[in-house]
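Okay everyone, let's get going. Have a look at the model on the screen, and then I'll walk you through a couple of spots.

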Amino acid sequence: MFSSLLLTMLLKQPIFSSFFYLYTGRVRNKKNTQQYENSMKPLGTVPVLQTSFFSQRMPAPIRLRELIRTIRTARTQAEEREMIQKECAAIRSSFREEDNTYRCRNVAKLLYMHMLGYPAHFGQLECLKLIASQKFTDKRIGYLGAMLLLDERQDVHLLMTNCIKNDLNHSTQYVQGLALCTLGCMGSSEMCRDLAGEVEKLLKTSNSYLRKKAALCAVHVIRKVPELMEMFLPATKNLLNEKNHGVLHTSVVLLTEMCERSPDMLAHFRKNEKLVPQLVRILKNLIMSGYSPEHDVSGISDPFLQVRILRLLRILGRNDDDSSEAMNDILAQVATNTETSKNVGNAILYETVLTIMDIKSESGLRVLAINILGRFLLNNDKNIRYVALTSLLKTVQTDHNAVQRHRSTIVDCLKDLDVSIKRRAMELSFALVNGNNVRGMMKELLYFLDSCEPEFKADCASGIFLAAEKYAPSKRWHIDTIMRVLTTAGSYVRDDAVPNLIQLITNSVEMHAYTVQRLYKAILGDYSQQPLVQVASWCIGEYGDLLVSGQCEEEEPIQVTEDEVLDILESVLISNMSASVTRGYALTAIMKLSTRFTCTVNRIKKVVSIYGSSIDVELQQRAVEYNALFKKYDHMRPALLERMPVMEKVTTNGPTEIVQTNGETEPAVLETKPPPSGLQPASQANDLLDLLGGSDITPVIPTAPTSKPASAGGELLDLLGDLNLTGSPVSAPAPQIAQPPFLLDGLTSQPLFNDIAAGIPSITAYNKNGLKIDFTFERSNTNPSVTVITIQASNSTELDMTDFVFQAAVPKTFQLQLLSPSSSVIPAFNSGTITQVIKVLNPQKQQLRMRIKLTYNHKGSAMQDLAEVNNFPPQSWQ
Amino acid sequence: MIKAILIFNNHGKPRLSKFYQRYSEDTQQQIIRETFHLVSKRDENVCNFLEGGLLIGGSDNKLIYRHYATLYFVFCVDSSESELGILDLIQVFVETLDKCFENVCELDLIFHVDKVHNILAEMVMGGMVLETNMNEIVTQIDAQNKLEKSEAGLAGAPARAVSAVKNMNLPEIPRNINIGDISIKVPNLPTFK
């Protein structure tokens, strides 16, 4: 009596309680949920035998429940961590003791810690021991642990395969079920290969509990090892005659997987197996049969099975007239007969609509489907609205006009409070923009851009730019729209918008005065929106003379003096908010104005010389160069700072011929202006580009994913601060006569590598599992002991490889530099490559050797491989 | 395919996490955190779908969730699953838990996370729906629990006794036991270990 009183007193302090239990080995039983929290009364139930001996040797590990309760008393993260560490230590030592009685309990505790994010990998082998045990309780925890803790690369998989194989042939169906479940969750491809025979056998059993699990297991096997698909074909014959809905459901999943994976299977099931009529029959039974308590969900008979069947019908009916014909009737029946007051009904209806839109259905049925979606759009349930928008987005390509009818409802969804719905509505709205409605739609979208959350702004702005480029009714409208975007969402606009806009403005010659005035006004009050300021600076630099002359017919012309213009540019230069790139734009603009303005040249000279000592290297360099232009090369200044020529149209978004104008035709812009004063200024500008951009030239990455236009016009843009010039050779090699020699100092614009290297043969360094890596070699021109290796990785399998990382190591006598890769995804079917440049410094000209490590994700699993490359051609290192 | 099933409470404490695609431990925790972050800031009266976070793999994936009292049930699925269907599946899952635990509450999930895993395994396997009939699931779970209990009861007693004796680790087995005038000679026993 006394001792139990003492116990309860001690236990008032919850932290101690666990430790106390830990040392006494006492445990408790729990019956109801209330007791989880407050019961502190120990009900010692450990067999007497153990307690007496354990007190000397090692305490029995505390129960899972005990551990959870202890952890829950932790008030801080640190406290929790400490408790877990202590317990982990106890578990480890218990594992070392090879203790069989408590292994199950310990693994269960580990799984709990694993869920909380603590390392539990040391339990992997113990899981295996549990699986091998005779007891169901042990097996249950063991398999659960295996699913949660084991990863595919573990060596324990081999051992595991054996255990699973035994258990698949066990006499108890639940043990067989556990084995199937585990194999279906985490089986590696080797395991699947070894055990596919057993799975196939179980797929033919009459026991529905095992049969449904075997069907899903078969799906997993097929996913891991597609070539085993044939093996399951005979077993699928009778699957759909099952009465049990679980088996039916999983069978449909299996058939879907097979049809999706292989066109041959699809044809086989369509033609030989007559799958469509079978599915139609099942579906008909489901919707016609009355209430069946077994499968009823909110008044509808097994909606899950119905949804699955509708999905399979979609695959079977796609691009196949006969199959589509055979399912038209049933789809119409489902579409009209389904009760839609509950979510389940709508789920079926939604699936029916998707199937109707995807197969070659009758036109009447399609109208019905779109109307159902229209009804969905007006539904009060947000989920229904969301799926309606999603599916309209899928059908907008095929049934554009039908979707257009719901435009106003869709646009209304832009004002919804729910971000998921807003995003869908935004995407759909962009898909609905065409030449006829562009003005109205853009108004709505601009309004949306104004009010939406920051995370939408970048996407929305890009969408508006794209749509405006495609469907702009007039140049003026186009410029106005883009200006609106820049002023409302300026800082969210993606970087490429600036050069695109500049190009657009340059090409609309008759709009120059108007544009520069608008831009000037826009930045007059607020120069925090970087892209806007950049475009504005550029335009003021180019068309400053038009700005001060005030010759703009369309709008109230503003009177601006030269000093006022310089004031604003200078404040951009000074402002803390301006990015370095923006300052570059502003400085260049000021410089350009030196030939356009008449009475402020001295002021410009002063500004330029001030920035000659700027701490911003980029800015300083420009200023120094401009300064030199003023001093030594003043005679060339007007020619160098000539206005930019009209740029060639670069089509980034498909052919522009499809532009639908809205009756407002544009004069052919390119012809209104004579070619800009001969070739000389253009080539001079090109040279300037070299001079300015030279410092930024990075080593050539052969197929860098930049889509730089090859025209001179595109490169001229770079003059104004495109900082990621990748050193693509200038298209017109400049025949410049009086190149200022000092400007060239240290700035090499010639290609870094010469052609001597062309003689080195390339090698294949790695070719395994569909991944092929080729090395091509070049010798650096500047330093002959540097070998430049370009790797090209390609993928011949049918699935993309993602998160591809290439690493390389060389012996100590070499030095290695890995540049960043062009991408981390290798597209399937050899449809593209990743390139990456390796530079190897080999001062002693020794034979090259390299060890490479490859990691990537393929077919959902992480792959890793090591290889040694020894077959470097002698030319590459001699 | 269902990529992951997560249950966490209003504070982001995980109550169940089951991944059907391989992620490293760290990534798993990050996914849970990110998902909680995304889901928890949503109002009650918005839709139950979310475009997946960055970690769980790109635009093809969606988070479909339901909020019950203190718990969030989140399913991460790819485009091969019906959004509305998964919503119903979550409902079936919760109702099944309710049947198994009799008025399920967060504490049941906390203290019986293994049981929740077992129930889930009868419903979803390898990321695919296995069974949606609640009665069937409950029957199978009950039968398995019974099997466990029978092992723990009388049938399991011999095994426990053997393991207890094995664990005794006596310093040495006594050769002679003398109680008063009765003397017992202990025969040579085979060693247990």
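So, which side chains meet in a salt bridge at 2.8 Å, N to O? They're B:E131 and A:K212. By salt bridge I mean a side-chain nitrogen of Lys or Arg within 4 Å of a carboxyl oxygen of Asp or Glu. Between chain B and chain A the count is seven.

Quick housekeeping: this is a predicted model, where local features need pLDDT of at least 70, side-chain atom pairs count only at pLDDT 80 or more, and totals for chains, interfaces and linings use all residues. Residues are numbered from 1 along each chain as its sequence is written, chains are lettered from A and ligands numbered from 1 in the order in which they are written, and side-chain values use heavy atoms, leaving out hydrogens and water.

Back to the interface. Contact (heavy atoms within 4.5 Å) links 70 residues of chain B with 79 residues of chain A. The two chains bury about 6600 Å² between them, with 56% from carbon and sulfur atoms; that's accessible area, 1.4 Å probe, lost on being put together and summed over both parts.

Now, inside chain A, find helix α30, residues 512-525, and helix α32, residues 562-574. Helices here are DSSP runs of H or I, at least four residues, numbered from the N terminus. Who touches whom? On α30(A) we've got A:Y520, A:I523 and A:L524, and they meet A:E564, A:V565 and A:I568 on α32(A). Thanks, that's me done!

How values were computed. Axes are lines fitted to C-alpha atoms, for helices over the stretch in contact, and angles run from 0 to 180 degrees between N-to-C directions. Helices (H or I, at least four residues) and strands (E, at least two) are DSSP runs, numbered from the N terminus.
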